[in-house]
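Student: I would like to learn how to read a protein structure, feature by feature. Please give me the general idea each time, then the case in hand.

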Amino acid sequence: MRKIIRCFTVLTLCSTSAAWANGIVRIADGNCAGLAAAASSSGPQPSLIILARNGHYSGCSFEIAGNIVIDGAGASLSAELLDSSNQPSGFSVHVEKGASLTLRNLNIEGAAHASTAVQANAAKPNIVSPLGDAFFIEGSLLIDSVSIASNTMDYLPSPLGYESGGLFYGGDLTLRNVTIASNVSQQGDIPLFDGAPNITISNSTIVNNDATVFSGGTVSISNSILSGNGHGCLGVHVTSLGGNVTDDAGCGLNAANDRVVADGRLLDLDRHGGVVKNVALRNDSPAIGNGIVGNCEGTDSRGFSRGLTACDAGAYEFGGGIGKISAAGMSGLYFNPSNDGHYVSIQRLQDDTALVIWNTFDENGVPAWLYGVGSIAGQSIHVDQVARNTGGKLLPGGDVVGSHAAVWGSIDVNLSDCVDAQLSYHSKDPEFGSGSTTLQRLAYLDNVNCAR
């Protein structure tokens with residue numbers, strides 16, 4: 001049976017450089033002491049800990065005694081190299097019995113090396129810690145929209161006579177929109193998941209790890225990618241809920257939409273518009289549209305929306321799900337850069353309709369606000385009745401009086417791709433007449449991407 005050495009550090013809240021208010025604490029960039037103090041039970045217990053946006057925290061170790069959420073805001077947590085001998089201090093997270101921890105929007109990745117000499121001797125820093133495993137779970141751990149990538153795992157000799165190492169050990173573990181990629185075993189075949197009794201995985205990407213993925217325990221997995229790893233499943237009971245893509249037939253993934261493929265057609269590991277790293281999908285990836293809709297997470301690891309009728313396997317949603325140009329991907333703000341000053345806003349609505357708003361001018365330079373709801377056919381929108389509001393007056397305090405709407409004409413918008421479009425119009429008003437203008441996308445809607 002595995003044992004644990006607990007090392008406690010006396011920390012005081014006065015050293016955290018963080019402000020406590022309403023159960024929320026913000027931790028300054030790089031302040032591992034403040035993070036450990038906020039996470040421990042030795043003081044006011046926050047419900048939410050927020051790290052510095054895109055910050056860097058090296059060699060942090062902390063224990064969770066209560067029920068805490070840590071939002072990384074795109075920050076990186078890594079091992080810390082102490083000197084040119086490549087001896088890291090490591091990092092560790094211990095979730096005590098009865099406690100629960102949620103991690104989100106965090107990158108757990110290899111740190112920069114101390115010198116070029118070290119760089120030549122080792123490709124990546126190690127994940128080692130006083131607790132052996134990076135995450136020792138006696139309570140429960142939920143990881144949501146987190147990247148664990150490009151680390152080298154190493155066994156840690158213990159004075160008690162055992163060796164341990166890897167990412168996760170013990171407790172109940174849930175992964176949502178998690179990317180675990182390109183991690184390497186320094187010695188032997190260290191498992192990523194070692195001894196966790198219950199593991200639930202959805203819309204996650206576990207790829208290209210030179211290590212065994214699962215070793216023991218019970219795994220429930222859905223809408224995920226498991227590919228390019230040293231070994232997938234050893235001595236583990238896997239229950240598939242479907243929608244998975246794998247190159248390992250030995251894992252027994254045979255539920256609805258489970259696919260064993262030779263090539264998942266994956267792209268690079270990067271942030272791809274989000275705050276955590278993920279592995280992008282090529283446009284011909286078998287993971288696209290393969291997810292079981294009932295198990296689809298609402299967004300991917302970047303926060304982009306997934307489809308309503310289908311989603312992709314893995315942590316990355318190609319095109320932001322319903323962000324395909326023929327669907328919600330047409331939503332956004334457009335303009336003509338060659339004659340700036342008038343803008344077209346498109347918002348996809350229900351039942352294949354879209355709201356089109358054109359803020360422009362008439363032939364005399366009078367501002368005109370034109371709007372209407374049109375029907376969508378493929379990548380085109382036809383608004384048969386466009387209205388114009390005129391005669392309004394803004395009163396002090398915010399009231400508008402005197403405004404009335406009149407039918408102005410019709411508008412057609414044709415989108416050739418995610419960037420380029422053309423607007424054609426025909427007005428009954430001689431101050432406008434008929435014509436067309438080319439458009440380019442100026443902005444997307446938040447959480448809605450577009451697939452070319």
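Tutor: Start with helix α1, residues 32–39: seven of its eight residues are buried, so the rest of the structure largely encloses this helix. Buried means under 20% relative accessible area, exposed means over 50%, and partly exposed lies in between, using a 1.4 Å probe and protein chains only. Helices (H or I, at least four residues) and strands (E, at least two) are DSSP runs, numbered from the N terminus.

Student: Which residues in α1 are buried?

Tutor: They are Cys-32, Gly-34, Leu-35, Ala-36, Ala-37, Ala-38 and Ala-39. As a general point, an α-helix has 3.6 residues a turn, so residues three or four places apart point the same way.

Student: What should I know about the model itself?

Tutor: The model is predicted: local features need pLDDT of at least 70, side-chain atom pairs count only at pLDDT 80 or more, and totals for chains, interfaces and linings use all residues. Residues are numbered from 1 along each chain as its sequence is written, and side-chain values use heavy atoms, leaving out hydrogens and water.

Student: How do I read strand pairing?

Tutor: Two strands pair if DSSP finds at least two bridges between them. Take strand β8, residues 100–109, which pairs in the parallel sense with strand β6 (residues 67–78) over eight bridges. Here Leu-77 stands opposite Ile-108 in β8. β8 also pairs in the parallel sense with strand β11 (residues 140–149), over nine bridges, and Leu-101 has Leu-141 in β11 as its bridge partner.

Student: Why is β8 described as largely enclosed?

Tutor: Seven of the 10 residues of β8 are buried, so the rest of the structure largely encloses this strand.

Student: Which strands form the closed barrel?

Tutor: Eight strands form it, in the order β31-β32-β33-β34-β35-β38-β39-β40, with antiparallel pairing. Strand β31 (residues 332–335) and strand β40 (residues 434–444) run antiparallel and are joined by four bridges. Gly-332 stands opposite Tyr-444 in β40.

Student: What is the phi of Asn-203, and where is this residue found?

Tutor: Asn-203 has a positive phi of about 45° although it is not a glycine. Asn-203 is in the loop between β20 (198–202) and β21 (205–207). At 0% relative accessibility, this residue counts as buried.

Student: Is Asn-208 buried or partly exposed?

Tutor: Asn-208 is partly exposed, with a relative accessible area of 46%. This residue lies in the loop between β21 and β22 (212–215). Asn-208 is not a glycine, yet has a positive phi of about 60°.
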